[in-house]
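Visitor: I am new to reading protein models, and I would like to be taken through this one slowly. Could you show it to me and let me ask about it as we go?

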Amino acid sequence: MAYFPLFVDLEGRQVLVVGGGKIAVRRVRTLLEFGCQITVVSPEVCEELREKVLWKKKRYDETDLESPGNVGEASRFIFVLAAAAPEVNEKIVCDCRKKKIPVNNASNRDQCDFYFPGIAKDGDTVVGITSGGGDHRLAAKISAVVRQILRTIAV
Ligand SMILES: C[C@@]1(CC(=O)O)c2cc3[nH]c(cc4nc(cc5[nH]c(cc(n2)[C@H]1CCC(=O)O)[C@@](C)(CC(=O)O)[C@@H]5CCC(=O)O)C(CC(=O)O)=C4CCC(=O)O)c(CCC(=O)O)c3CC(=O)O
Ligand SMILES: NC(=O)C1=CN([C@@H]2O[C@H](COP(=O)(O)OP(=O)(O)OC[C@H]3O[C@@H](n4cnc5c(N)ncnc54)[C@H](O)[C@@H]3O)[C@@H](O)[C@H]2O)C=CC1
């Protein structure tokens, strides 16, 4: 069954990203355009992100799912992106499910409460693209074409 595109207000909300490699960086870059506050748990993270996220320089453990400032339910993570090694991601999914926090496992489409879409954005106009998880290359191709269309319309 196809997935419904739910558009969510992320402004000021807390998002947790585990891993600081290529995929995490690409997704953090995208999320920053939507005004959320991002915590990254990873032993390493690229220079670009250090000023823009709360970086916890460490390996993931279950306590990372507690809200960053520990200030209660209001600042609880709205979702978690697991973008480290597959076995780490699997453990994160398990921990999130226990705490009922929506989670995305970048290394396993069968362990995603939601998918990270291809995104085309022009100001507040946003197009999210999914192939339903089965063909990320198609999602990438369509995203590139839609970005081009938005650029053309904006001129
Ligand atoms: C299901 C989904 C779940 C989720 O992660 O949310 C998922 C899953 C997986 N992707 C894998 C591989 C790659 N995915 C990409 C690219 C993108 N993948 C994205 C989304 C999604 N990927 C989710 C929904 C997709 C849908 O709806 O169809 C995009 C749209 C958004 C984004 O990532 O920003 C982005 C294009 C953005 C753009 O171009 O605009 C590349 C290319 C690259 O990275 O450059 C590669 C590697 C090279 C190759 O294979 O081509 C693997 C194997 C991992 C492994 O090898 O371990 C899995 C795991 C699995 O399928 O089980
Ligand atoms: N969904 C998608 O679009 C794609 C998903 N993937 C998957 O995404 C994951 C990440 O891929 P890349 O960013 O390319 O890998 P990468 O090797 O560049 O990055 C992995 C990151 O995880 C960190 N890390 C490792 N162990 C950790 C731990 N215990 N706790 C916290 N952080 C830890 C590393 O320091 C590194 O920053 C992989 O599992 C890969 O299978 C890969 C390509 C595309």
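What follows is a conversation about this model, which is a predicted one.

Visitor: How far apart are the centres of domain 1 and domain 2?

Guide: The domain assignment divides the protein into domain 1, residues 1–115, and domain 2, residues 117–155. The two are in contact, with eight residues of domain 1 meeting eight residues of domain 2. On the side of domain 1 that touches domain 2 there are five nonpolar, one polar and two charged residues. Taken over C-alpha atoms, the separation of the two centres is 22 Å.

Visitor: Which element gives the most residues to the largest nonpolar core?

Guide: This core has 27 residues, and those touching the most other members include Val-17, Val-80 and Ala-83. At least two residues come from each of β1 (14–18), α1, β2 (37–41), β4 (77–82) and α3 (86–99). The element that gives the most, with five residues, is β4.

Visitor: Turning to the ligands, which element gives the most to the shell around ligand 1?

Guide: Of the 22 residues around ligand 1, the ones that come nearest are Arg-109, Phe-116, Thr-130, Ser-131 and Ala-140. The shell draws at least three residues from each of domain 1 and domain 2, and by class it holds seven nonpolar, ten polar and five charged residues. At least two of its residues come from α1 (22–32), and at least two from α4 (136–154). The element that gives the most, with five residues, is α4.

Visitor: And which elements give two or more residues to the shell around ligand 2?

Guide: Ligand 2 is surrounded by 22 residues, of which the closest are Gly-19, Gly-21, Ile-23, Tyr-60 and Ser-107. By class, this shell has twelve nonpolar, seven polar and three charged residues. The elements that give two or more residues to it are α1 and α3.

Visitor: Is Cys-112 exposed, partly exposed or buried?

Guide: Cys-112 lies in the loop between β5 (103–105) and β6 (118–122), and, not counting residues up to four places away in sequence, it touches Asn-104 and Asn-105. A residue needs 20 or more C-beta neighbours within 10 Å to be buried and 12 or fewer to be exposed. Cys-112 has 18 such neighbours inside 10 Å and therefore counts as partly exposed.

Visitor: What is the phi of Lys-100?

Guide: Most residues other than glycine have a negative phi. Lys-100 sits in the loop between α3 and β5, and because it has 8 C-beta neighbours inside 10 Å, it counts as exposed. Although Lys-100 is not a glycine, its phi is positive, at about 60°.

Visitor: Lastly, how far apart in space are Thr-39 and Cys-96, C-alpha to C-alpha?

Guide: Thr-39 is found in strand β2, where it counts as partly exposed because it has 19 C-beta neighbours inside 10 Å. Not counting residues up to four places away in sequence, Thr-39 touches Gln-14, Leu-16, Val-53, Leu-54, Lys-56 and Pro-68. Thr-39 and Cys-96 are 57 residues apart in sequence, and in space the distance between them, C-alpha to C-alpha, is 15 Å.

How values were computed:
Residues numbered from 1 in each chain as written. Chains lettered and ligands numbered in written order. Predicted model: local features only at pLDDT ≥ 70, side-chain atom pairs only at ≥ 80, totals over all residues. Near = placed C-beta within 6 Å. Helix = DSSP H or I, 4+ residues; strand = E, 2+ residues; numbered from the N terminus. Nonpolar A, V, L, I, M, F, W, Y, C, P; charged D, E, K, R; others polar. Domains from an automatic or database assignment. Core = buried A, V, L, I, M, F, W, Y, C linked by C-beta atoms within 7 Å. Contact = placed C-beta atoms within 7 Å.
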